[in-house]
Amino acid sequence: MRIRLGRWIAAVLLLSLFSLPTQASKYNDVLLLGQVAEPQSLDPQVATAANDSRILVNIYEGLVRNTDGTLTLEPALAKSWNVSDDGLTYTFQLRDNIWFHDGSPFNAQAVKFTFERMLDNQHPYYFTGPFPLSFFFSAIDKIDTPDDLTVVFTLKEPFAPFLSNLATPAGLIVSPAAVKQYGKDFSRHPSGTGPFKFDEWTANQRVVVSANDNYWEGKPALKHVVFRPITDANTRVAEMLSGGIDAMVEVPADNVPLFARDSRFRVYEATGPHVWYSMLNASLPPFDDVRVRQAVNYAVNKQNIVKYILQDSADVAEGPIPSAFDWAFDKETSAYPYDPKKARELIKEAGAEGQKIVFYVTEGGSGMLDPIPMATAIQADLKAVGLSVEIQTFEWNTYLSKVNAGLKEAHMAEMAWMTNDPDTLPFLTLHSASWPDKGGFNSGYYSNKQLDALLDKARVTNSLKERAALYRQVQKIVHQDAPWLFVANWKQNAVASEHVQHFKLQPNFNLLLKDVRKD
């Protein structure tokens, strides 16, 4: 391993100054970025939140990636690939002379190790999980490495989202040497091939990365990036206004006009596939009755939430496939209208009047918009139609651990997903095979065999036209069954100091910082 002790000492001395937040503007080679929460993990196969992914995509790389500003694919660590006519074999030719940050070589064996670690429960480093998004690659039957620069994936059956899933953070390639050295602590000692190298993670204070001077696409403009978790939105805004941070993501909607009017800042916006919803626990009364689930969707004034709480920074959601996937979106399925009279009728018909509802709510988290005010509005609207809602709030990572384990003691829970393919969200959150005890995120225990069959078929259909028709049927079924309260599709935003150049939001919600610099 190549350890640059002098550089490490210099970084530590520099970072000691960050205890004074107003120092941000004094360093033109350091970017201080305000994040919405403490990361869960810096192991890309373990992490699930976009909050973590914004860090991960600057440390690691995958075989393929999304082209800048789009959801189309281009080469990354693989310089080329081809797919067999039957859709079962994917052969990747890798770039040569690339090294992980710990000094070990990137090669075909590293790719094989990355995927087998999360797919093979007999793998010696499977214990470094859990790997909640291994679903993305469950179609893999075997991985061959004919030589150091060739990887061949053989699938059990055709799997249409395979390439797009490789471009997600779950497909980022890790250093086998680092995993072997740190074991389950690898998430605190990440090593990839990306433009920035991990330096430090101080809990609830910062994650620090430094420029990879030997990066294959050229040295980054910044020497350091400091990701600061600032969970309270008002505090994050105050830090931005005072110069304590150079940029912040997920700007509260109320504050966007404030920054837009101030010449010291630039506001950035981008549209991508995002869905904010409240899952409804179909395993418990009253939400085991479809009439009550539909009633909730009629009862909540989503238009008011979008207009007054989110300040038009989002659109009302129609279902689990956001309109950003225009080729798969069902334009015939409209959002539930605000109709409290209809909601009361359905609740009375189901005998659910006065039912107590426990509603899990997060204090804030990646993609969660303004979760407490949104929950309070939902609570008030449901009270108006005869449901008594008790809100229970949790810090983000605690919240994820409770919700991802399944709603055993709650009837509702907020959630938001940013996705890369129309398959991702409905399969991982609505398919019967994705209940929490089976490794998925269907925490509301919804089940519909017809929906399962459509999702299964869409996954193995390579024709885009046929997949689109299947997803439109999925949208219709989910709309009718109402396993969620469908609320909003967010238009993501961020703000940066006028001194920050080449800052850009991506439709996949990643944040690529290699070309960012400060004047």
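**A walk through the predicted model**

Asn66 has its place in strand 2 (residues 64-66), where helices (H or I, at least four residues) and strands (E, at least two) are DSSP runs numbered from the N terminus. This is a predicted model, in which local features need pLDDT of at least 70 and side-chain atom pairs count only at pLDDT 80 or more, while totals for chains, interfaces and linings use all residues. Residues are numbered from 1 along each chain as its sequence is written, and side-chain values use heavy atoms, with hydrogens and water left out.

With a relative accessible area of 13%, Asn66 is buried, a word that stands for under 20% relative accessible area, as against exposed for over 50% and partly exposed in between (1.4 Å probe, protein chains only). Its side chain and that of Asn508 are joined by a polar contact of 2.9 Å, and a polar atom of the Asn66 side chain lies 3.5 Å from the backbone oxygen of Thr72. A polar contact is here a pair of N or O atoms within 3.5 Å; within protein, one must be able to donate a hydrogen and the other to accept it, and residues adjacent in sequence count only if both atoms are side-chain atoms.

Helix 3 (residues 108-119) has 12 residues, which at 1.5 Å a residue should span 16 Å, and its end C-alpha atoms are 17 Å apart, which agrees; the expected span is 1.5 Å times one less than the number of residues. At the start of helix 3, a side-chain oxygen of Asn107 comes to within 3.2 Å of the backbone nitrogen of Gln109. The buried residues of helix 3 include Val111, Phe113 and Phe115, and the buried residues of this helix pack against strand 5 (89-94), strand 6 (140-147), strand 7 (150-155), helix 4 (162-166) and helix 5 (176-182), contact meaning heavy atoms within 4.5 Å.

Phe115 also belongs to the largest nonpolar core, of 110 residues, in which Phe92, Phe115 and Phe153 touch the most other members. Such a core is a set of buried Ala, Val, Leu, Ile, Met, Phe, Trp, Tyr and Cys residues joined through side-chain atoms within 4.5 Å. Apart from this core lies another, of 36 residues, among them Leu33, Val57, Val207 and Val500.

Leaving aside residues up to four places away in sequence, Leu425 touches Val275, Tyr277, Pro320, Trp417, Thr419, Leu430 and Trp484.
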